[in-house]
Amino acid sequence: MDHAGTTGQAIRHFHRLDDLNDRQIEDVLDLAARLKRGVSRTDLAGQTVGLLFFRPSLRTRTSLEVAMHQLGGHTVNLNAASDFWELEARENRTMDGVAPEHIKDAAAALSCYVGAMAIRPALLGKSWAVDRKDEQIRSWMQHSRVPVINMESALWHPLQALADLLTLRETLGELKGKKLTIAWTQSPTPSSPAVVHSILMAALRSGMHVNIAHPTGYDLDADVMEQANSLAQTQGSRLETGLNLNDAAEDTHVIYARSWWGLESYGQPSLSAHQSSRTTGWCVDDRIMELGDNARLMHPMPIRRNLEVSDRVLDGPRSLIIEQAANRLHTQKSLLSLLLRQ
Amino acid sequence: MDHAGTTGQAIRHFHRLDDLNDRQIEDVLDLAARLKRGVSRTDLAGQTVGLLFFRPSLRTRTSLEVAMHQLGGHTVNLNAASDFWELEARENRTMDGVAPEHIKDAAAALSCYVGAMAIRPALLGKSWAVDRKDEQIRSWMQHSRVPVINMESALWHPLQALADLLTLRETLGELKGKKLTIAWTQSPTPSSPAVVHSILMAALRSGMHVNIAHPTGYDLDADVMEQANSLAQTQGSRLETGLNLNDAAEDTHVIYARSWWGLESYGQPSLSAHQSSRTTGWCVDDRIMELGDNARLMHPMPIRRNLEVSDRVLDGPRSLIIEQAANRLHTQKSLLSLLLRQ
Amino acid sequence: MDHAGTTGQAIRHFHRLDDLNDRQIEDVLDLAARLKRGVSRTDLAGQTVGLLFFRPSLRTRTSLEVAMHQLGGHTVNLNAASDFWELEARENRTMDGVAPEHIKDAAAALSCYVGAMAIRPALLGKSWAVDRKDEQIRSWMQHSRVPVINMESALWHPLQALADLLTLRETLGELKGKKLTIAWTQSPTPSSPAVVHSILMAALRSGMHVNIAHPTGYDLDADVMEQANSLAQTQGSRLETGLNLNDAAEDTHVIYARSWWGLESYGQPSLSAHQSSRTTGWCVDDRIMELGDNARLMHPMPIRRNLEVSDRVLDGPRSLIIEQAANRLHTQKSLLSLLLRQ
């Protein structure tokens, strides 16, 4: 099957969910469901995907590596901190600094060896205005001669979004008109808003209504919210933000919990700590879950138990977190199979 | 073959040799011997075992990875220090500390991807009373939905015991009534007594008589010794401990050399160094070997040459150390094949 | 095919290009060309090569791992810094120091698991007289029971030489009588002269004339130069060294750019920095390229852009750097296939 042939468009890179058109998303989710039911495909024999980690990973690394093995292929796992050296992303520089190699050359060389490369870029953590540009992964996308897959940048985590979409469909059936609540949670080590940005756009694209609950100072990226508002309008969906957790959870079908940095205090540790110390009570527990309409709990992991979500909710029948983790495998197998056989 | 079917009992986890019944040990050793003779099995195609290292490894990592590849399967190798993050083992905590994830969730998520997981847990090194509980690996065993294999905890190293049993049988034939001497050796970086505990129980279970030679202050774990004494009584085997090296080596068939910490001074570096500096002459050399009955030398490696065992013994015809290393591969292939096809 | 059978000599280790005779080099390059055209070989199913890195690697690691996967086999990738421990190389020592294990035992144990092992040894960086002995990799070669492949020692990088030879042949056809210019380039983090030593000997062995351009104090290893001069005489080739870049580039067919340490100031950082600060103008740009006879640019990477070679040359039609990187894969597949099926 020539995937480009059925959709009229080949997949170049997978930086964000929007890099797939609706037909391609349907194809990925349909094949994922079949693979999950036990359909076996080993059509990637001899193929390799390079996984380059500039930040740690447990689920993403393992699920991608297992996905490729089950498809007959292989991953080369490169840990920037221990395996190789710093890479330059800026163009037209005289490279007399720390980095002995340019992403341009690393990407071109690796393109000779692998059929695709997946990147988890570093976050500099100094300024959101800088990190939100996703410059590192964009440099890989610009210079790679094979598809580049985003394993979570500052802005997006599209592999998580695919797994979450499959989980939502399996649980709720038709998504149009259903309600998703994104719930900010507390953590001494918050994440980038990448996962939240991705589930937000995925839910709106599926016709869901979205409530976002977060304390003051934890607005999502302004440009992403503009895209989200525009998409909501097109879809006829409601999108509300800045809600408190009680209001946001009312009558919802899914609570998607996740901690993220305050983008205004991003890169200012003392301000950030002060801000965080003022915010209490943002833990999803039974009381919150009861406010919903037979609500289910989603979280992309890692989870700080009893700080972000209570043990009772996580270990109870409403929790979908293991299904989400399991679906990482099935949706990634599907995506890789379609991407590498183009 | 349904392994549980022939033994009446499926293998749940492999924390210590006692997790296998006699029939299962026979099955593992028999299949290992056939695999060593060149019988080929590739029945684990598409299967993955996750190897999680919280401490370094050379032989265990390489032999398990090669074992899975030769069986048609794959290992995902995760190095806690460089690949991911700290994990919480304690239950019911509000996780506001360093660890952003609980073993409970990591184990559940990885169970979605791999058919078994092998763990080399960290040793905290503060108190033997704490470390001897093997809490980390017990947490993995409790929460994993797939079999957990111990790659050396504080207390046990059952993979080494399987390889050692095969080596002993190949060398001595019938083990019942033969004599094994466990010889404490000197090292500035001693190990946990895990290997020694495991070979001790394996030898007794095989009907061997066991002498343990060690300086004052280097008794093995009291609870393990109680189990060992009870087993010796059941088997009608002699078990003597606290011997000096000369007495222990007399008429023995095998000297098993290994350095281990003094458990009384465990976690007290200065006391431990003082204690160690008083102990000299615990190196296995030709003179010691000559005391035995055509005695053979075993050691699980790594070996500090000429401190633990002399070059002449290690490189001479009495040494079984390479056979032990080789048998790690064959016994692990056998174990994995039986465990994963259950 | 029994490779030893066609050449009358089996390949024992691959420390330097001279470990292959002319017929073996032809065999490697011929098979590499066929593999590059798409001929598929998967005759290494179930075979494993151990890759041991005591220094970082991007291309070598990835291309060897992909090579083995495409041949049906597998690599075990061991990073000395994070995966295991220090190893002793000196013989007959009482090992009471830092290293808990001798290369002798590590090599013997790994020989039980893998069909070959590839080593990138550490450079101590104190004294060229010490590092030039390649003691670590020689210890592995002495004690390994399977072939040892050099992944770049202080003295040689024969895997790069094979890829470079294929690239030169593809580009220039018959090499005899053609001119190669080795151009020292500036870098705050120079490399060992291993790559340059290897291309020097490979080019002379192919009958090429060689010019070496470098500033005062950057002579190559004296013993290697003696071998090179002797080989040039045998081959009837010209070999000139110590040239300035302009003179060396005149009428040349290939400029091979690479930075290397001044061996006289090796291990003396302040002297080395002073020496380096005096050397300017050693960047290969369009003006230098124009001096040649339709000259092509080679460099083994990593490259410091606009310090070693200009962006315009690297990204222009004269650059062979991507072909060199691609040929690492094809020549290594060929070498591994011939080596492991002996």
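These entries record what I looked up in a predicted model with chains A, B and C.

**Entry 1. Relation between the chains**

I began with how the copies are placed. Two copies of a chain are related by a rotation about an axis and a shift along it. I noted that the copies use different surfaces, since 4% of the contact residues of chain C recur in chain B.

I repeated the superposition for chain A on chain B, which needs a rotation of 120° with 0.0 Å of shift along its axis and gives an RMSD of 0.0 Å. In chain A, the residue that comes closest to the rotation axis is A:Ser82, at 4.2 Å (C-alpha). Here, too, the copies use different surfaces, with 4% of the contact residues of chain A recurring in chain B.

**Entry 2. Contact of chain A with chain B**

I next listed the residues in this contact: chain A supplies 28 residues and chain B supplies 25 residues. On the side of chain A that touches chain B, the elements giving two or more residues are helix H3 (59-70), helix H4 (80-83) and helix H15 (321-340) of chain A. H3(A) gives the most, with 8 residues. By class, I recorded 13 nonpolar, 9 polar and 6 charged residues on this side of chain A.

**Entry 3. Contact of chain C with chain B**

In this contact I found 25 residues from chain C and 28 residues from chain B. The side of chain C that touches chain B draws two or more residues from each of strand E1 (48-53), strand E2 (74-79), helix H4 (80-83), strand E4 (101-102) and helix H5 (103-111) of chain C. Which element gives the most to this side of chain C? I found that H5(C) does, with 5 residues. The class division on this side of chain C is 12 nonpolar, 8 polar and 5 charged.

**Entry 4. Domains of chain A**

I looked up the division of chain A, which is into domain 1 (41-154) and domain 2 (158-325). The centres of these two domains of chain A, taken over C-alpha atoms, are separated by 27 Å. Their contact takes 13 residues from domain 1 of chain A and 10 residues from domain 2 of chain A.

**Entry 5. Helix H10 of chain C**

Lastly, I examined helix H10 (residues 222-235) of chain C, which has 14 residues. From first C-alpha to last, H10(C) reaches 20 Å, close to the 20 Å expected at 1.5 Å a residue. I asked which residues of H10(C) are buried. They are C:Val224, C:Ala228 and C:Ala232. They cover an arc of only 75° around the axis, so they lie on the same side of H10(C). An α-helix has 3.6 residues a turn, so residues three or four places apart point the same way.

The buried residues of H10(C) pack against helix H9 (194-205) and strand E9 (239-243) of chain C. On the other side of H10(C), I found C:Ala222, C:Asp223, C:Glu226, C:Ser230, C:Gln233 and C:Thr234 exposed. Just after H10(C), C:Gly236 takes a positive phi of about 70°.

Key
Residues numbered from 1 in each chain as written. Chains lettered and ligands numbered in written order. Predicted model: local features only at pLDDT ≥ 70, side-chain atom pairs only at ≥ 80, totals over all residues. Helix = DSSP H or I, 4+ residues; strand = E, 2+ residues; numbered from the N terminus. Expected span 1.5 Å × (residues − 1). Buried ≥ 20, exposed ≤ 12 C-beta atoms within 10 Å, placed from the backbone. Arc of directions from axis to C-beta. Contact = placed C-beta atoms within 7 Å. Nonpolar A, V, L, I, M, F, W, Y, C, P; charged D, E, K, R; others polar. Least-squares fit on C-alpha atoms with pLDDT ≥ 70 in both. Domains from an automatic or database assignment.
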